Amino acid sequence: MPISFFADNLYNETMAKRFLQYYEHTAQIVWNQFMEATWNYVTNITKKNQEEMLHKDEEKSKHMLYFGTRVHLFKTARFQDPGVKRMLSKLQNVEKAALPEDELREYNKLLAYMKTMYNMGQVCLNEGPCMPLEPDLKEIMATSRNQKELLWAWQGWRDAVGRTLRANFVHYVELSNKAARLNGYRDMGALWRSKYESDKLEKDLEHLFHELQPLYLNLHAYVRRALYRYYGPEVIDVKGPIPAHLLGNMWAQSWVKILDLVLPFPNKPPEDITKIMRSQHWNPEKMFIEAEKFITSLGLLSTPPECWEKSMMEMPSDGREVECQASAWDFYNGKDFRIKKCTEVTIEDLLSIFHQMGHIQYFLQYKNLPVIFRAGPNPAFEEAVGSVITLLASSHKHLLDRGLLSRQHQDSEEELHFLMGIALDKIAFIPFAYLVDLFRWKVFDGTIQKDAYSLEWWNLRLKYQGLCPPIPRTEDDFDPGAKFHIVANMPYMRYFLSLVLQFQFHEALCKASGHKGPLHRCNIYNSRTAGKLLEDILKQGSSKPWPEVLQNITGKTKMSAKALMTYFKPLLDWLVTENVHQGEILGWPDFSCFFEEKDTDKVKFLSLKLEPEQAKLGQWVLLALSFVMFLVALLLACRLCSREKKSLAQDTSAQDTSAQDTNRQDTGSQDTNLLKTPANTYFLGIAMKPSQVVKRQWILLGFCLILMLCSIGLIIRIFTQHHRKPPWTRAEWWGWN
């Protein structure tokens, strides 16, 4: 019998199910151990914990590679069970585990190093303490209105983190692309996009962005005018891009912290919920309990005790270095779920907790599925579920019922303030969420070369966000590396798509709860019907293609911006009217960010770009020439003084000789003529009287002195233009250090 007959019988559907059962049994153990080791590291950053995490990461990769290589033996075309076919398909992508063992180890260490450098990054005052990103630098960016202080924090963070990771990122890109190619993809960007199971993802993304762009452009123009009123024309151009450090956030991805500067009706400021929370003595534990109450009011599952016992809800007070980036964790044993967050008592952190608790609910709902299916149907679904919980909890009615607002009803002006606050968080985020992976995809496919990272990053931020850096950037900088997700190898397009999906979910849940009226007034608290609709899609995990899951909750198979635009329609109408009244220009036509292009290791010298050694030699040559000119001028001055004295002596002697010779009548006419005509001297090849020569030499000396002073002045200007003081006054010039 042919070998193919035995192969077909050996690797049939029954054997595939046994294969998947074996994978399930081993994966739960391996993944749980990896998650435990990773948790231990991010909640206590030490070398020992890092080594243990890397070791468990290697074991996880070996497990993925073992099953990922053998899954290709199954020919699924004749299989009947779509679930089996889907699981086998998902196992084929082993991601970084495809790398050779030594390169995999190098890749893991590289990622761990970049994350550690980010988490431990600090900005230090000249004479004072050093400040980490959380909470210190974030607090400065959120609350300061001093643009110089904001610039200090903005630039300091990028110098401390971004610059130091540039070379590491280049190597990370190389290894990432190699892993992608070993998985059968052109580059890592293509591998990331494959998670969405769509051949036209990029076109769909572009279409969604253009649908949302009018809302963003109107918000941008309005905020730009408000900042112009506050900071003045020296800082803000009302027709141009906005400086990136003035928007209340280290990355200008959320503008909600400058709400006080952009209120449509400043005489009616909204209630300060953070202040109310603190006056009511809220603490992190109460904030988590409040989120739990909201979720269980919908009839969803309660959080298990392990979550409360093992989560890191606050910054540890024992001096441990930790990763403060908020995140939710599934430990793949069906009972252990945790949240990591350095909670502060603010409304922003309260809503962030609602988001993380949404993730925990997702984990709880699909915990009985096979490990392969314990995820959203695409990466954006998981984020959208957390975000829709946050959006629903933000409603005026819910906050009023929880005692965080006192005004029973919102008038039209207060509703605009409410929508403006949501827009500064959601709408301001649209272009940033879109461009982060647009940048990385272009880096991965080679469209953006490593010698143009900074230039192309800011070109994208200008094109899509209308922002510019507050100071010139060079290719020594690496501002993308100042964002955690970029150095942590976390895809970002999920956040852009989740912006759209969360409003589709919101509209569907509000409809299920029986809500009537504007969407921003919807409150589904205690609605078991809405909760059941949400529960049904969460339980499916990634066992079904995402269009099918989306249809189950919204009735549609495509992502659409229609629900988002409906939610913000009252605000958009007001923004359009206000911008027309102010004569605003939407966008930033014909503007570009000033970018200091810098050739690698080259410096400026007399407007030329030279190698440092060449420029240094040129400076020494100029200095030597000035000394030579000084010596020439000095010698010429000495010679002139000497010649002038000799000339005076000769004139006196000549006068005496002339008087004696008047009595001599027998002297020949030729001798008499010689005595009467003094001898000529030469100046620059021209014969003239000695007295004239002396005068011209003094003039020449004056010119030499002027040229010498100009040379010295030029040298001083060159040095002071590029340095705070001339290099020869610094120790490193002479090699002392």
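## Helix H5

In this predicted model, helix H5 covers residues 101-119. Its 19 residues reach 27 Å from the first C-alpha to the last, close to the 27 Å expected at 1.5 Å a residue.

Which residues of H5 are buried? They are Glu103, Leu104, Tyr107, Asn108, Leu110, Leu111, Ala112, Met114, Thr116, Tyr118 and Asn119. An α-helix has 3.6 residues a turn, so residues three or four places apart point the same way. Among the buried residues of H5, Tyr107 also belongs to an aromatic cluster, together with Phe169, Tyr172, Trp192, Phe439, Phe444, Tyr453, Trp457 and Phe478.

## Aromatic pairs

The count of aromatic pairs comes to 43. One of them is formed by Phe19 and Phe67, with 5.3 Å centre to centre and 55° between the planes, a tilted arrangement. Phe19 lies in helix H2 (residues 13-42) and Phe67 in helix H3 (residues 47-70), so this pair ties together parts that are 48 residues apart in sequence. Both Phe19 and Phe67 are buried.

Phe432 and Tyr492 form another aromatic pair, this one edge-to-face, at 5.8 Å centre to centre and with 90° between the planes. Phe432 is in helix H19 (residues 430-444), while Tyr492 sits in the loop between helix H21 (484-487) and helix H22 (493-513). The pair thus links distant parts of the chain, 60 residues apart. Phe432 and Tyr492 are both buried.

## Arginines over rings

Two arginine contacts with ring faces can be listed. Arg70 lies over the face of Tyr66, at 3.8 Å from the ring centre. Arg193 lies over the face of Trp441, with 4.8 Å to the ring centre.

## Backbone geometry

Most residues other than glycine have a negative phi, and most peptide bonds are trans. Against that background, the peptide bond joining Glu134 and Pro135 is cis, with omega about 5°. Pro135 lies in helix H6 (residues 133-143).

Glu197 is not a glycine, yet has a positive phi of about 50°. This residue is found in the loop between helix H9 (188-194) and helix H10 (201-231). Is Glu197 buried or partly exposed? Glu197 is partly exposed, with a relative accessible area of 45%. Tyr332 is also not a glycine and has a positive phi, of about 60°. Its place is in the loop between strand E4 (327-330) and strand E5 (337-340). Tyr332 has 12% relative accessibility and so counts as buried, the cut-off being under 20%.

## A contact across the sequence

Ala508 is placed in helix H22. With 13% relative accessibility, Ala508 counts as buried. The C-alpha atoms of Ala508 and Ile553 are separated by 6.5 Å, although the two residues are 45 residues apart along the chain.

## Nonpolar surface patch

Which residues make the nonpolar surface patch of about 390 Å²? Ile699, Leu700, Phe703 and Ile706 make this patch. Of these, Ile706 is found in helix H29, which covers residues 690-722.

Methods:
Residues are numbered from 1 along each chain as its sequence is written. This is a predicted model: local features need pLDDT of at least 70, side-chain atom pairs count only at pLDDT 80 or more; totals for chains, interfaces and linings use all residues. Side-chain values use heavy atoms; hydrogens and water are left out. Patches are made of residues with over 30% relative accessible area and no salt bridge: like charges are joined within 9 Å, nonpolar side chains (Val, Leu, Ile, Met, Phe, Trp, Tyr) within 5 Å. Accessible areas come from the Shrake-Rupley method with a 1.4 Å probe; for residues, only the protein chains shown count as cover. A salt bridge is a side-chain nitrogen of Lys or Arg within 4 Å of a carboxyl oxygen of Asp or Glu. Helices (H or I, at least four residues) and strands (E, at least two) are DSSP runs, numbered from the N terminus. The expected span of a helix is 1.5 Å times one less than its number of residues. Buried means under 20% relative accessible area, exposed over 50%, partly exposed in between (1.4 Å probe, protein chains only). Rings of Phe, Tyr and Trp (its six-membered ring) pair if their centres lie within 6.5 Å; planes under 30 degrees apart count as stacked, over 60 as edge-to-face and the rest as tilted. A charge sits over a ring if NZ of Lys or CZ of Arg is within 6 Å of the ring centre and within 35 degrees of the ring normal.
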